[in-house]
Amino acid sequence: MSRTIWLNGQYMPEEDAKLPIFDRGLLFADAVYEGFGVLDGQIIDFPYHMQRLNRSLNELEMQQPIDEDALFDGLMGLIARNGVQEAFLYLHITRGAHDRDYLYPDGLTANVFAFTQPLHGGLAADAPQPLRLASAPDIRWARRDIKTSNLLGQVLAKEVARKAGADEALMIAPDGTVTECGAMSFFYVKDSRIHARPLSREVLPGITRQTMLRVADEQGLKVIEGTYTLDDALAADEAFATGASSYVQPVPEIDGQQIGDGQIGPVTALLREEYLKAVRASFR
């Protein structure tokens with residue numbers, strides 16, 4: 001049985017979900033998206049995802065095509081129809097379809113679709129899967145803070161990681177500093193202090209990152225925001241990455257070099273446990 005897809009307000013089998021070839025998301029990556037975690041059949045951090053989605057739309061001067069309550073109901077209906085309790089939920093909004101032209105006319109009708117996928121990092125109840133990283137050059141465009149579907153830089157970085165036998169890429173800027181993973185935020189721990197790259201146009205403002213940092217503060221953990229190099233990360237006591245469908249995931253290895261003792265560290269373990277408690281307590 002195929003998945004149910006939500007396309008422009010209608011539920012349908014995935015094989016029936018189609019967009020025109022002139023959709024600007026296809027031709028120009030003129031689209032934004034959000035990736036949500038689903039836990040216990042509920043959407044994690046929905047209000048914070050909406051804040052980021054609206055910011056991305058505003059930066060591209062796109063109108064929000066559906067109000068928040070209707071969007072929430074549509075996504076929850078999709079979760080129910082696919083019978084998922086723990087999953088990744090993807091939402092995509094394009095500017096609409098028009099004959100190929102860099103300039104677009106006013107009044108285009110957005111195309112909106114969503115679907116569910118299995119988790120990337122394992123179930124919440126299971127021991128977290130180790131995430132092996134391989135460094136790759138960060139060649140993305142200059143507005144990485146906007147969550148657009150222009151993901152070719154990440155595709156190429158992840159291919160570098162795959163060929164190196166790793167699970168995910170750790171992207172390195174031209175100045176030698178670490179930015180983030182291909183599809184996750186990255187952190188390392190040294191002397192019980194969490195090191196995080198500050199938000200800017202160079203990194204995506206991760207929603208799981210945001211909630212994790214709030215949890216860290218509630219647990220009395222020190223967070224140091226600043227740029228750092230790959231050598232700094234390699235010398236860490238422990239490292240981890242955060243993402244909507246992987247929660248808090250330990251990183252025991254970068255470029256084949258073991259981080260700390262190669263096991264899930266105490267700070268990572270605490271953050272994963274407390275993160276899951278926090279998001280469950282906040283379900284809408």
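1. In this predicted model, Tyr-33 stands opposite His-92 of strand β5. The pair belongs to the contact between strand β3, residues 31-39, and strand β5, residues 87-94, where eight bridges join two strands that run antiparallel. Helix α2, residues 46-59, packs on the sheet and touches β3, β4 and β5. The direction of α2 makes about 175 degrees with that of β3.

2. The sheet in question is open and has six strands, in the order β2-β1-β6-β5-β3-β4, with antiparallel pairing. Its edges are formed by β2 (10-13) and β4 (42-43), each of which pairs on one side only. As a general point for reading the sheet, side chains in a regular strand alternate between the two faces.

3. Five bridges join β7 to strand β8, residues 168-172, and the two run parallel. Within this pairing, Pro-137 stands opposite Ile-172 of β8. Strand β7 is also joined, by two bridges, to strand β15, residues 253-254, again in parallel. Here the bridge partner of Leu-133 is Ile-254 in β15.

4. The salt bridges number 19 by the rule applied here. One of them joins Arg-140 to Glu-180, with the closest N and O atoms 2.8 Å apart. Arg-140 lies in the loop between β7 and α4, whereas Glu-180 lies in strand β9, residues 178-181, so the pair ties together parts that are 40 residues apart in sequence. What are the relative accessibilities of the two partners? Arg-140 has 12% and counts as buried; Glu-180 has a relative accessible area of 6% and is buried as well. In general, side chains of opposite charge can pair when their charged atoms come close.

5. Helix α7, residues 266-281, contains both Glu-273 and Lys-277, which are four residues apart, about one turn of the helix. These two residues form a salt bridge, the closest N and O atoms being 3.6 Å apart. Glu-273 is partly exposed at 45% relative accessibility, and Lys-277 is partly exposed at 46%.

6. Lys-277 forms a salt bridge with Glu-274 too, and for this pair the closest N and O atoms are 3.4 Å apart. Lys-277 and Glu-274 are three residues apart in α7, so about one helical turn separates them. Is Glu-274 buried or exposed? At 16% relative accessibility, Glu-274 counts as buried, because the limit for that class is under 20%.

7. A further group of charged residues should be noted. Arg-55, Glu-59, Arg-143 and Asp-145 are linked in a network of salt bridges.

8. On the α5 side the residues involved are Thr-208, Thr-211, Met-212, Val-215 and Ala-216. They meet Leu-271, Glu-274, Tyr-275, Ala-278 and Val-279 of α7.

9. Pro-198 is placed in the loop between β11 (193-196) and α5. With a relative accessible area of 28%, Pro-198 is partly exposed. Which residues does Pro-198 contact, leaving aside its neighbours within four places in sequence? The contacts are Val-203, Arg-209, Glu-225, Gly-226 and Thr-227. By contrast, a separation of 23 Å lies between the C-alpha atoms of Pro-198 and Lys-158, which are 40 residues apart along the chain.

10. Ser-185 is located in strand β10, residues 185-190. At 9% relative accessibility, Ser-185 counts as buried. When residues up to four places away in sequence are not counted, Ser-185 touches Gly-206, Arg-209, Phe-240, Ala-241 and Thr-242. Arg-209 is therefore a contact of both Ser-185 and Pro-198 under the 4.5 Å heavy-atom criterion.

Definitions and conventions. Residues are numbered from 1 along each chain as its sequence is written. This is a predicted model: local features need pLDDT of at least 70, side-chain atom pairs count only at pLDDT 80 or more; totals for chains, interfaces and linings use all residues. Side-chain values use heavy atoms; hydrogens and water are left out. Two strands pair if DSSP finds at least two bridges between them. A salt bridge is a side-chain nitrogen of Lys or Arg within 4 Å of a carboxyl oxygen of Asp or Glu. Buried means under 20% relative accessible area, exposed over 50%, partly exposed in between (1.4 Å probe, protein chains only). Axes are lines fitted to C-alpha atoms, for helices over the stretch in contact, and angles run from 0 to 180 degrees between N-to-C directions.
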